[in-house]
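Subject: Structure for you to look through

Dear colleague,

I am passing on a structure and would be glad if you could read the notes below with the model open beside them.

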Amino acid sequence: MRRTVGPLLAVTVALVLADSAVVTLALPDILRHLDASVGQVAWVLIAYNLVLGLGAVPAAMGLARAQPRVLTAVGIAVFAGASAWCAFADSIEVLIVARCVQAVGGALTVVGSLELFVSEYGERRGVGVWVTAGVVGTAAGPFAGGLLTELISWQAIFVVQVPFAVLAVPAALGARTTVPTTATAPAPAGAPTAEEPAVAPRKRHRPALAANLTLALVSAALTAALFLLVLLLVEGWRHSPGTAALTVSVVPVAALAAAPLARLLRPPPQVEVAVGCFLVAGGLAALAIPPSAHLAWTIAPQALVGLGLGLTVDQLTARAMEMRLPRAEHAGWTIGARHLGVVVGLAILTPVFTADLQDAQEPAQEAVVSIVLDAPLQPQDKIAVAEALGAALTDQEGQVPDLAPAFATLDLEPSERPAAAALERDLTGQLERAATRAFRDSFLIGAGLALAAMLVVLVPRRRRVA
Amino acid sequence: MTGRVRGAGTAAAAALLVAGVLGVQVANGGGEFEPLRPADACVERDVTAQADGIEGLTESLVLLGIDGAACRLDVSRERLTLDLAQPGERTDAEIDALRAGLKDAVVRMEEDGTLPPSSELVDEALDSSDLNGFVKGAIRLLPDSAIDSALKTDDVLTRAIDDLDLRELLADLGDGDELNQQIEDAVTEAVKASLADRLRNLV
């Protein structure tokens, strides 16, 4: 039983942090199934991150007044119950409330698990496992959510979390209770392995402002990468959630490759974080300018983003917690910074790309009209195509339209069908171009956020004398 | 190797990676993957009709006419088409520009020799007309040269365009039969008027 405590808690921490973005690929399905507006659906993401971000530090403070294993078990139970509630939500309002409850349980789970990891594995390894579980969860969330949505349904995203969390409740209750009182650095990639000096218990340190601010900015930028990319793939380029999930799996794979790369190059921690931010910025800039709507053009940019994610998040989390007490409270600050960063990212990017999508409608419509007017079809067929397209555009207003149903309704002569098929391909290509153009500014803003994070890292700071 | 050198090496490797990825994207047209921009409606374009006979002629006239109207209104032909496809009242400016654009199209086709002589259109016009069989047969017996000298295509088309109630025509765009009826009525009236004028001139 004891051997399973750590892995079960690690999976639960990964699930809690994966939930930050796990529903991204399911948003279109949720929108349709719960008959919600785009603004309401965005709150399924925002509410969770907001409550988790705001709740992490108070949850950590609560740990000081209660048994960590009990509070963690309660947190996991709340998280499991709320996950089940999300799966059975029959309205968008209920889903948003359930997500808030899920985040409250998640906040208790994440900060409580840190204490239990340290009890199980010791200071350095315990913090290292906690950080790694968080990075893997964050990076793999959209991939897992997209795959489950494609294979089963959006509800499956929440249902599969329940058994893991239910198993983690007894694991938390059965965890060791002795918590070391030293605060030492975790073991980020490339970090020195020497033991850190002990710090007197009960001492309180101020939160690491620069590291947490950088975490928030990087998280906002990563939101652009994960949230916008999956929207572009599913809504703009019309790929299935499963295909989109497989495509964005490049990010977690590259994030895992970052650690051995950092061990090979062994840059100073500050340079490692700055380089990570730069790679995220470069990846986002490249995502802003794909040469076509072929999925292959997103691979290398995503690899840059994934490498940047792997180099920054664990290193920054470690720096924000390094030599600071109480440990759980500083862990809470890092969770708060990351998830409020996601909320800020969504708050900045959502209005920009929705406005850009709106603005993209006119050039897209004009491009469609231009191609229909010049299409090698008989005049009466052109009129039929125009009427079918007009109806499709009206039905799907506010979204990037799917033209296939409009063409499927056309009654054309066999001799006209090749030309109609070519026309459909051309028109779909124009819509892909318009959607890609509409996402450009948002990706570039994301790149700007990553560069701002890099500047925060590079700004020289006054050294504190011990 | 010192930390500074390792840091510089890592930064240089990152810069190379980012430059490489951005360079490949840009070299393959990244940044230019945008929707087609509407062409300037005032620049003459070649129009190829897909239909034959009267329908093909109408198609060419409409495509060229929209260009001319859009140029007059200082909008793209795509914008004008979208506006005209919307339900609602047409402005006088739109109707005037459309009529003038269609008449410009007749002139352009006459000038570049793409306007067919009336004799090429007579058989098709008679097939769809409600004249009695005796009259149709009589007209079909006339030599082409007689028909061409009696009816000038550009004259008939210009008169038909003047006769057309473009507001009503645009309102009935979705009803093919109604549309054909309006065009047929306008062309019939234009043929009568053209013939009457020819007779007056002969007298």
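Throughout these notes a residue is called buried when its relative accessible area is under 20%, exposed when it is over 50%, and partly exposed in between, with a 1.4 Å probe and the protein chains only. B:R37, with a relative accessible area of 66%, is therefore exposed, whereas B:E34, at 17% relative accessibility, counts as buried.

Please keep in mind that this is a predicted model, in which local features need pLDDT of at least 70 and side-chain atom pairs count only at pLDDT 80 or more, while totals for chains, interfaces and linings use all residues. Residues are numbered from 1 along each chain as its sequence is written, chains are lettered from A and ligands numbered from 1 in the order in which they are written, and side-chain values use heavy atoms, with hydrogens and water left out.

The interface

Taking contact to mean heavy atoms within 4.5 Å, you will find that 38 residues of chain B are in contact with 47 residues of chain A. The buried area, which is the accessible area (1.4 Å probe) that two parts lose on being put together, summed over both, is about 3,600 Å² between chain B and chain A, and carbon and sulfur atoms give 66% of it. On the chain B side, B:Q25, B:F33 and B:L36 lose the most area to chain A, and together they account for 21% of what that side buries.

Polar contacts are pairs of N or O atoms within 3.5 Å, where within protein one atom must be able to donate a hydrogen and the other to accept it, and where residues adjacent in sequence count only if both atoms are side-chain atoms. By that rule, eleven residue pairs are in polar contact across the interface of chain B and chain A, both residues being at pLDDT 80 or more. Helices and strands are DSSP runs numbered from the N terminus (H or I with at least four residues for helices, E with at least two for strands), and on this basis α1 (3-27), α2 (53-73) and α3 (77-85) of chain B each supply at least two residues of the side that touches chain A. Of that side, α1(B) gives the most, with 14 residues.

Salt bridges

Side chains of opposite charge can pair when their charged atoms come close.

A:R437, A:R440, A:D441, B:E34 and B:R37 are linked in a network of salt bridges. Elsewhere, A:E362 and B:R79 meet at 3.6 Å, a pair that runs from helix α14 of chain A to helix α3 of chain B; A:E362 counts as partly exposed, at 41% relative accessibility.

Within chain A, the side chains of A:R327 and A:E115 form a salt bridge of 2.9 Å. This pair links distant parts of the chain, since A:R327 is in helix α14 (residues 327-373) and A:E115 in helix α5 (residues 92-121), 212 residues apart. Both ends count as buried, A:R327 at 6% relative accessibility and A:E115 with a relative accessible area of 10%.

The disulfide and other cysteines

If a disulfide is a pair of cysteine sulfur atoms within 2.5 Å, how many does a search of the whole structure find? The search finds one over all chains, formed by B:C42 and B:C71, whose sulfur atoms are 2.0 Å apart. The torsion about their S-S bond is about 105°, so the disulfide is right-handed. Because B:C42 lies in the loop between α1 and α2 of chain B and B:C71 in helix α2, the pair ties together parts that are 29 residues apart in sequence. B:C42 counts as partly exposed at 44% relative accessibility, and B:C71 counts as partly exposed at 27%. By contrast, A:C86 is in no disulfide, the nearest cysteine sulfur, that of A:C100, being 9.3 Å away, and A:C86 counts as buried at 0% relative accessibility.

A buried aspartate

Lastly, B:D67 lies in helix α2 of chain B and counts as buried at 5% relative accessibility. Its side chain makes a polar contact of 2.8 Å with the side chain of B:R45.

With best wishes

Definitions and conventions:
A disulfide is a pair of cysteine sulfur atoms within 2.5 Å. A salt bridge is a side-chain nitrogen of Lys or Arg within 4 Å of a carboxyl oxygen of Asp or Glu.
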